[in-house]
Amino acid sequence: MQECILEMKNVSKYFGGVAALRNVSIDLLSGEILAIVGENGAGKSTLMKILSGSYHHSSYEGSIIVKGTPRKFSSPSDAEKAGIEMIYQEISMHLDMSIAENIFLGRMPSAKGIVSWKDIYRRAKTFTDMVGLDVPLKETLRNLSTSQQQMVAIARALSRNPGILVLDEPTSALTEREVEILFEKLNLLKSKGISCIYITHKMKEVMHLADRITVLRDGQHISTRLKSETTILMTIEEMVNRKITNMYPKREVPIGAEVFRVENLTVAHPHAASKFIVEDLSFSVRAGEILGLVGLVGAGRSETVNALFGSIEKKSGRMFLNGVEIPVKNPKKSIGNGIALLTEDRKRDGFIASMNVAENCTLASLDQISKKNLVNGHREKTKALEYIAKISIKVRSEKDGITALSGGNQQKVVLAKWLMTDPQVLLLDEPTRGIDVGAKAQIYEIMCDLAAQGKAIVMISSELPELVGMCDRFVVLGGGKIRAEFARGEADEEKLLHCAIVS
């Protein structure tokens, strides 16, 4: 019988008059991986902020019991002292400091005020060995891959001797192989009695990793089941409160003539002038077609679409729109030519955080709402409301701040920004990253509608099931070159992954 090491009982949290959590109760067993799933706004983050001490115990109702002892957390340090460590989606560490320094930052072993570096490296190695990170401890964090940085974050958490690890979307920027490595390490920690709470939107990961699955919806606890007692479809239906007949609502539409063609695209490596991150790439996409660019991190996928859009410089290459060669010098020219790029990181370069929803929706279409460089507020509002309704963006008002929206609605605002330009070619780089299953389904429907309108779509995704479910054709990249090409029906996840890896 596994020991119950954590209970959160009847937790309620209100923001003003709005209930973020209503009488939510969960428990966690020793050596268990508990997945907590739900749409954005379901209450997952709020519940974890309460558990981590980010919300003062006086700001919510309910109780937290750790290993049989009631706890009241006033700050994150209180939660850490109780053996609870948080590992966030966005890695928060010092990129220009070493691995060892990051692990012990703020807790450097010292004697009489003098840092004991020998002791730091000896102890740091203990924790990097635990997560299987075989990198020199003096290596600067900036030089590590995202997965290696994630392992450093886990090593840092383990250095505090926790009983509970909480991981929030830890694989959002990892490749399939890096995810496998992370899972191996989490199962190793589990075997040593460390319990994990795992938060993700990726159902395949949940079914692979978790022992039990807790579903939250609209701030309420819906169910907790053993993995063997549920399925992906059952879990998703509980999350969205409706029946799901098809995860990927791909519709067959007529594939028309070639719209966009790329010939011999080459992009220099940003840090090594003699190397190419994309080399001699040629492909085309037709009206109504969704073309999937497949590859591991570093294969050149994002660099390809950014070069096509003009946001990074290409060394050579030609582009044709409807058979006519077009110069791609910068994003403004590309927008004018009917090309749009939804970037992989919406927070970094998808929207402007200080602007409201209407301002972000119209950001790429200022010529439609302005005259003599002056924005017409009425036109801006009218255009924004049109697209808010068209793609079902959940807002109280077009004047809402974009950072107040869920990830899925932020992504739809960014998509609305590009749809307003009426592009012929839509480059989608990780269009569903970090959004819940309900919002994903809406993005898929929008993509199908655009394909039916004859738009040419290029899609990048790190989720192979998503690519297989949505694309008409696949181009596999490896080392910046095309390694294989498949039509829909010719390839499955295994074949695509094999081509990407062996390249």
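Contact is defined as heavy atoms within 4.5 Å. Axes are lines fitted to C-alpha atoms, for helices over the stretch in contact, and angles run from 0 to 180 degrees between N-to-C directions. Helices (H or I, at least four residues) and strands (E, at least two) are DSSP runs, numbered from the N terminus. The model is predicted, with local features requiring pLDDT of at least 70 and side-chain atom pairs counted only at pLDDT 80 or more, while totals for chains, interfaces and linings use all residues. Residues are numbered from 1 along each chain as its sequence is written, and side-chain values use heavy atoms, with hydrogens and water left out.

Helix α1 lies across β1, β2 and β4, and runs at about 115° to β1. Of the 8 residues of α1 (residues 44-51), 6 are buried (under 20% relative accessible area, with exposed over 50% and partly exposed in between; 1.4 Å probe, protein chains only). The buried residues are K44, T46, L47, M48, I50 and L51. Just after α1, G53 adopts a positive phi of about 85°.

An open sheet is formed by 4 strands in the order β2-β1-β4-β5, with antiparallel pairing; two strands pair if DSSP finds at least two bridges between them. Its edge strands, β2 (18-29) and β5 (69-71), each pair on one side only. From one strand to the next, the twist averages 25°. Strands β1 (residues 4-15) and β4 (residues 61-66) are paired over 5 bridges, and L6 stands opposite V66 in β4.

Strand β9 (residues 164-168) is largely enclosed by the rest of the structure, because 5 of its 5 residues are buried. In a regular strand the side chains alternate between the two faces of the sheet. In β9, I164, V166 and D168 point one way, and L165 and L167 the other way. Strand β6 (residues 84-87) runs parallel to β9 and is joined to it by 4 bridges, with E85 having L165 as its bridge partner. Strand β10 (residues 195-199) is also parallel to β9, through 5 bridges; here L167 stands opposite Y198.

The second largest pocket is lined by 27 residues, of which E176, K204, E205, P465 and E493 lie nearest its centre. Elements giving two or more residues to this lining include α6 (176-191), α7 (203-209) and α18 (493-502). A pocket is an open set of points on a 1 Å grid over the protein atoms alone, where a 1.4 Å probe fits, with protein on both sides within 12 Å along at least five of seven lines; lining residues have an atom within 4 Å of a point.
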